Amino acid sequence: MRLGLSITKYLVDLYKGTIDVKSEEHKGTTFTIEIPFAKFNDVIDDKELIKFFMNKNVLIYNTDLNERLSLISMMNDFGIRTILTVSLEETITYLTSNAFHFEFMLLNNTDLDYQTIMKIQKVKNDAVKVIILDTDSENTVSSMCDYNLMRPINKDKISYLLNII
């Protein structure tokens with residue numbers, strides 16, 4: 001019990017929250033935890049997203065031809081330059097190269113395992129957001145990345161993603 005409460009206090013403090021305790025003899029104790037999460041209300045319109053992302057780079061690792069073409073088209077709609085890789089080795093090479101600065105990267109989940117994602121996390125710049133293209137939000141690899149974009153992927157999902165990264 002004592003360890004659980006100290007861990008809870010640590011997490012609540014980390015998120016700048018509060019813990020309120022009310023106790024009544026023979027009735028019990030009530031703990032109320034409040035964490036001030038920001039509500040995402042400000043959706044930026046596509047024109048503003050295009051201005052912000054114009055000529056910025058995205059690295060896409062995807063082995064599915066149709067999805068690659070679709071992703072390239074959607075990135076082009078937002079003025080984002082696409083670097084496309086079809087192997088994990090090529091992806092690592094681009095990430096370790098100083099020739100490109102990537103805003104984010106989209107990775108095909110079907111080809112990733114724990115060791116691969118750890119290697120990518122190790123070599124990438126900390127500012128690069130890692131987005132997994134997935135069909136299963138419970139996947140362990142997906143939980144190791146910044147964002148999880150569920151399939152099927154469409155322009156609305158890409159627009160939403162660009163709003164939050």
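V21 stands opposite F31 in strand β2. Strand β1 (residues 18–24) and strand β2 (residues 28–34) pair in the antiparallel sense over seven bridges; two strands pair if DSSP finds at least two bridges between them. Strands (E, at least two residues) and helices (H or I, at least four) are DSSP runs, numbered from the N terminus. This is a predicted model, in which local features need pLDDT of at least 70 and side-chain atom pairs count only at pLDDT 80 or more, while totals for chains, interfaces and linings use all residues. Residues are numbered from 1 along each chain as its sequence is written, and side-chain values use heavy atoms, with hydrogens and water left out.

**Backbone**

- Most residues other than glycine have a negative phi, and most peptide bonds are trans.
- H26 is in the loop between β1 and β2, a hairpin with three residues between the strands.
- Phi of H26 is positive, near 65 degrees, and the residue is not a glycine.
- H26 counts as exposed because its relative accessibility is 79%; buried means under 20% relative accessible area, exposed over 50%, and partly exposed in between (1.4 Å probe, protein chains only).
- N55, in the loop between α2 and β3 (57–61), has a positive phi of about 65 degrees and is not a glycine either.
- The relative accessibility of N55 is 45%, so N55 counts as partly exposed.
- The peptide bond from R151 to P152 is cis, with omega near 0 degrees.
- P152 lies in the loop between β7 (147–150) and α6 (155–164).

**Aromatic rings**

- The whole structure holds four aromatic pairs; rings of Phe, Tyr and Trp (its six-membered ring) pair if their centres lie within 6.5 Å, and planes under 30 degrees apart count as stacked, over 60 as edge-to-face and the rest as tilted.
- F53 and F104 form an edge-to-face pair, because their ring planes stand at 90 degrees, with the centres 6.2 Å apart.
- This pair links distant parts of the chain, since F53 is in helix α2 (residues 46–53) and F104 is in strand β5 (residues 102–108), 51 residues apart.
- Both F53 and F104 are buried.
- F52, F53 and F104 are linked into a cluster by ring pairs.

**Charges over rings**

- The charged end of K56 sits over the ring of F52, 3.7 Å from the ring centre; a charge sits over a ring if NZ of Lys or CZ of Arg is within 6 Å of the ring centre and within 35 degrees of the ring normal.
- The ring of F78 has the charged end of K155 over it, 5.5 Å from its centre.
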